[in-house]
Amino acid sequence: MPTITFAKSGKTVPWNDSCENLLDFAEAHGVAIAAGCRCGADTVCMTRILSGRVTYTQEPLIDVEPGAILPCICKPETDVTLDA
């Protein structure tokens, strides 16, 4: 299981496959990430990824900035550190 580190929040937690995406996982662990559409169609939840790799569960409907992810539609492939 990958480990997810939320750099700003100072939390490191092992990933749980029962969460559909990194946004739900963050919220389940008390880490606030702003959210809008929850389907990859806006930039509200766009978050910097400091290390690691993710897999998108669906194709983003917008262009994602280099060095950022849409946590509402992705899961970790490896240990991940987010700027959250």
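In which strand is threonine 47 found? Please describe that residue and the sheet around it.

Reply: Threonine 47 is found in strand S3. Helices (H or I, at least four residues) and strands (E, at least two) are DSSP runs, numbered from the N terminus. This is a predicted model, in which local features need pLDDT of at least 70 and side-chain atom pairs count only at pLDDT 80 or more, while totals for chains, interfaces and linings use all residues. Residues are numbered from 1 along each chain as its sequence is written, and side-chain values use heavy atoms, with hydrogens and water left out.

Start with the residue itself. Threonine 47 counts as buried because its relative accessibility is 7%; buried means under 20% relative accessible area, exposed over 50%, and partly exposed in between (1.4 Å probe, protein chains only). Leaving aside residues up to four places away in sequence, threonine 47 touches Ile33, Gly67, Ala68, Ile69, Pro71, Leu82, Asp83 and Ala84. Contact here means heavy atoms within 4.5 Å.

Now the strand. S3 covers residues 47-51 and runs antiparallel to strand S7, residues 80-82, with two bridges joining them. Two strands pair if DSSP finds at least two bridges between them. Isoleucine 49 has leucine 82 in S7 as its bridge partner, and Leu82 is also among the contacts of threonine 47.

Next, the sheet. Five strands form an open sheet in the order S2-S1-S7-S3-S5, and the pairing is mixed. The edge strands are S2 and S5 (68-69), each of which pairs on one side only. Strands of a sheet pair through backbone hydrogen bonds, either parallel or antiparallel. Strand S1 (residues 3-6) and strand S2 (residues 11-14) run antiparallel and are joined by four bridges. Threonine 3 stands opposite proline 14 in S2. S1 and S2 form a hairpin with four residues between them, and glycine 10 in the turn has a positive phi of about 70°.

Phi of arginine 38 is near 65°, although the residue is not glycine. Most residues other than glycine have a negative phi. Arginine 38 is partly exposed, with a relative accessible area of 39%.

Aspartate 24, in helix H1, touches Cys19 and Arg38, not counting residues up to four places away in sequence. The C-alpha atoms of aspartate 24 and proline 71 are separated by 8.3 Å, with the two residues 47 apart along the chain. Pro71 is one of the residues that threonine 47 touches.
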